[in-house]
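This report is meant for a reader who is meeting the structure below for the first time.

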Amino acid sequence: MPLTPDQQAEVDAQRAQAQPTLRAVSPGMEKHLYTAIPVLDHGFVRVIDYMGDDAAICQAARVSYGKGTKSVQNDEGLIRYLMRHWHSTPFEMCEVKLHVKLPVFVARQWIRHRTANVNEYSARYSILDREFYIPAPEHLAAQSVVNNQGRGAALEGEEAARVLEILKTDANRAYDHYEAMISQDGQLGLARELARMNLPANIYTQWYWKVDLHNLLHFLRLRADAHAQYEIRVYADAICKVVADWVPFAYKAFEDYRMGGATMSATALDCVRRMLKGEDVTQENSGMSKGEWREFIDTLG
Ligand SMILES: Cc1cc2nc3c(=O)[nH]c(=O)nc-3n(C[C@H](O)[C@H](O)[C@H](O)COP(=O)(O)OP(=O)(O)OC[C@H]3O[C@@H](n4cnc5c(N)ncnc54)[C@H](O)[C@@H]3O)c2cc1C
């Protein structure tokens, strides 16, 4: 369960306090505010605050005195134009602040996205909880034989049981030692900042993560992609749903041009033109390497 009853009561109390505002409000985002969306076995994503909406993107693009909205149709068209032509700064005018609880090995991938502001739970000051990510059996996959950075079929039977046993035993033993090392009751009394080095990478951490919409979409493009590791992808998928409710026009344009669209090299584009003229284009006469050709054919479906 991602939130304790006390934490849930705090969320409910925050949601019970509405205040009038002159600021832009996104009805879709209001329904998410403060609520924890469960991810993995102990993780979550919560929207803590946000700024702007679809109209704010148009307002910034038009450098307008008013709301920036000409008509709903115009706004959607403008947002699609901005997305299509990589005119990205109007998207930077919207911001979101998230509270994320995630395993440390996922946090290591996430933190590589440098264009955000982060404040992480301090394990120098506080004591980490005994909470570890243990994959569900269907995600206990074998190493892929075709992709060094990927997974193959799920382990089954004895192998799966043995791996789960190792993960649980190691995590609990490391945590028992962590507790013993920080214990002050006439025992070891090691500093928390040192004792934590013994903890495994599947322990959960938490942070506040604030990012603008342009950089958030870049993060989602990379991490909601099928090639991203499952454990970060599920967080990106949860955030995608939030963004779709927050800025529906921007998200639709993002889905169309970025998630569903493709970039082609000049060589690949030339191959498409030759194909349209009826030429028999093969990898050998395409000018592409085998890998490029495979990806090109995948793109064309
Ligand atoms: C599938 C996948 C596999 C990966 N594998 C590896 C791996 O094996 N090893 C590894 O180390 N990383 C790996 N990464 C991480 C990847 O290389 C990027 O670090 C990460 O995705 C963050 O992307 P970013 O730098 O574009 O994002 P951000 O840090 O958010 O930056 C956004 C953009 O801002 C600009 N920018 C930001 N900071 C700078 C800067 N200091 N100088 C110049 N421009 C800047 C760049 O244009 C950048 O694209 C992987 C990522 C993915 C999605």
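## A histidine in helix 8

In this predicted model, H218 has its place in helix 8, which covers residues 213-223. With a relative accessible area of 43%, H218 is partly exposed, because that value falls between the limits of 20% for buried and 50% for exposed residues. The C-alpha atom of H218 is separated by 9.9 Å from that of T115, although the two residues are 103 residues apart along the chain.

## The ligand and its surroundings

Several distances describe how the ligand's oxygen atoms are placed relative to the protein. An oxygen atom of the ligand is 2.6 Å from an N or O atom in the side chain of H218, and a distance of 2.6 Å is also found between a ligand oxygen and an N or O atom in the side chain of R112. For R114, it is a polar backbone atom that has an oxygen atom of the ligand 2.6 Å away. The ligand on its own has 940 Å² of accessible area, of which the protein covers 48%.

## The chain as a whole

The protein chain has 301 residues, and buried residues make up 38% of them. Its secondary structure comes to 13 helices and seven strands, while the C-alpha trace spans about 80 × 60 × 30 Å along its principal axes.

On the surface, M264, L269, I297 and L300 form a nonpolar patch, and together these residues have about 300 Å² of accessible area. One of them, M264, is found in the loop between helix 10 (248-259) and helix 11 (266-276). M264 counts as partly exposed, because its relative accessibility is 31%.

## Salt bridges across the sequence

The count of salt bridges comes to twelve. One of them is formed by K31 and D245, whose closest N and O atoms are 3.3 Å apart. This pair links distant parts of the chain, 214 residues apart, since K31 sits in the loop between helix 2 (27-30) and strand 1 (36-39), whereas D245 belongs to helix 9 (residues 230-246). D245 has a relative accessibility of 25% and therefore counts as partly exposed.

The side chains of R124 and E193 also meet in a salt bridge, with 2.5 Å from N to O. R124 lies in the loop between strand 4 (116-120) and strand 5 (141-143) and E193 lies in helix 7 (residues 192-195), so this pair ties together parts that are 69 residues apart in sequence. R124 counts as exposed at 55% relative accessibility, whereas E193, at 35%, counts as partly exposed.

## A further pair and a network

E279 forms a salt bridge with R274, and the closest N and O atoms of this pair are 2.9 Å apart. Elsewhere, salt bridges that share partners join R130, D176 and E179 into one network.

Key
Residues numbered from 1 in each chain as written. Predicted model: local features only at pLDDT ≥ 70, side-chain atom pairs only at ≥ 80, totals over all residues. Heavy atoms only, no water. Polar contact = N/O pair within 3.5 Å; in protein donor to acceptor, adjacent residues only side chain to side chain. Areas by Shrake-Rupley, 256 points an atom, 1.4 Å probe, with all protein chains shown as cover. Patch = residues over 30% accessible without salt bridge, like charges linked within 9 Å, V, L, I, M, F, W, Y side chains within 5 Å. Salt bridge = Lys/Arg side-chain N within 4 Å of Asp/Glu carboxyl O. Helix = DSSP H or I, 4+ residues; strand = E, 2+ residues; numbered from the N terminus. Buried < 20%, exposed > 50% of the residue type's maximum accessible area, 1.4 Å probe, protein only.
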